[in-house]
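Dear colleague,

Please find below the structure that I am handing over to you. My notes on what was found in it follow directly after.

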Amino acid sequence: MASAAFWPEQIRDLDRNLHGDIVVFAVQNVACAITIVTVVSPFPVVRKVTKRRSTGEYSFLPYLLNFFSSLLALGYGVFVHNRFLIMINTFCLTLTTTFLVLFMRVCPLRRLIRVLVVVGMASLGFIYHYVTILPGRQGHLLLGAIQNFVTICCYASPLATVRMVFKSRSADSLPFLLVFMSCINGMCWLLYGLLIQDTFVQFPSLVGTSLSFFQLSLFAMFPGSKIMII
């Protein structure tokens, strides 16, 4: 009879756990969909530069940073045994690699890109090996910190045109769709990080969302004659 008194509390705990799992699953699906849209968003630019056989005014840095960010995020997912992070970042890595290769084919700085990719891959190989031999949580902390840094750089990459925005008093040079989707994406991943209680998912998402909000505010401060979709 004494054990029966614990049933209501156990049922409540089960309900809370089930509700939490449903919320996490829902946020995972939303974050997955938004991430896919965000990662696909550079496609019009890649198609444009490939078609005209020239990169024009577009820089290779966002594509290179997105590639390394996806690679690091995939490595982090493997390290912490998170199947959702592994799944979504495998897809992201496939797309970012494709975009980088296509962009590099018509970029006059393709040799520099190749050197940066080789150096970066060698560095990541060393880092991945190093974190596996570090004791305790030190490997987790190191890999998470590096991944956070690169992810924040990706969020900040559109800021390269902020000087032009203030100088021209127009936000035409900012990629509205990419910035908007990055903002929504950051908020979804921030919520997911809070649900799974992972600081290394929370922190870059919080910083990235803040940077995206700042960039979106520039569209209100300096409305241009048109909005760049990409």
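**Overall fold**

Of the contacts in the protein chain with a separation of 6 or more, 77% are between residues 24 or more positions apart; contact means heavy atoms within 4.5 Å. Please note that this is a predicted model, in which local features need pLDDT of at least 70 and side-chain atom pairs count only at pLDDT 80 or more, while totals for chains, interfaces and linings use all residues. Residues are numbered from 1 along each chain as its sequence is written, and side-chain values use heavy atoms, with hydrogens and water left out.

The protein chain has nine helices and zero strands. Helices (H or I, at least four residues) and strands (E, at least two) are DSSP runs, numbered from the N terminus. Buried residues account for 42% of the 230 residues, where buried means under 20% relative accessible area, exposed over 50%, and partly exposed in between (1.4 Å probe, protein chains only). The chain exposes about 13,200 Å², and carbon and sulfur atoms supply 71% of that area. Accessible areas come from the Shrake-Rupley method with a 1.4 Å probe; for residues, only the protein chains shown count as cover.

**Two packed helices**

Helix 5 (residues 110-133) packs against helix 6 (residues 138-156) at an angle of about 150 degrees, and their axes are 8 Å apart. Axes are lines fitted to C-alpha atoms, for helices over the stretch in contact, and angles run from 0 to 180 degrees between N-to-C directions. Helix 5 is therefore roughly antiparallel to helix 6, a term used for angles over 145 degrees. Helix 5 makes the contact through Ile-127, Tyr-128, Tyr-130 and Val-131, and helix 6 through Gly-139, Leu-142, Leu-143 and Ile-146.

**Individual residues**

Gln-147 is also found in helix 6. Gln-147 counts as buried because its relative accessibility is 9%. Leaving aside neighbours within four places in sequence, Gln-147 is in contact with Ser-69, Leu-72, Ala-73 and Phe-200.

Met-181 belongs to helix 8 (residues 176-196) and is buried, with a relative accessible area of 9%. Beyond its neighbours within four places in sequence, Met-181 is in contact with Ile-34, Val-37 and Thr-38. Met-181 and Val-39 are 142 residues apart in sequence, yet 9.3 Å apart in space, C-alpha to C-alpha.

Phe-91 lies in helix 4 (residues 83-106). Phe-91 counts as partly exposed because its relative accessibility is 34%.

Yours sincerely

Definitions and conventions. Parallel < 35°, antiparallel > 145°, perpendicular 65-115°, else oblique.
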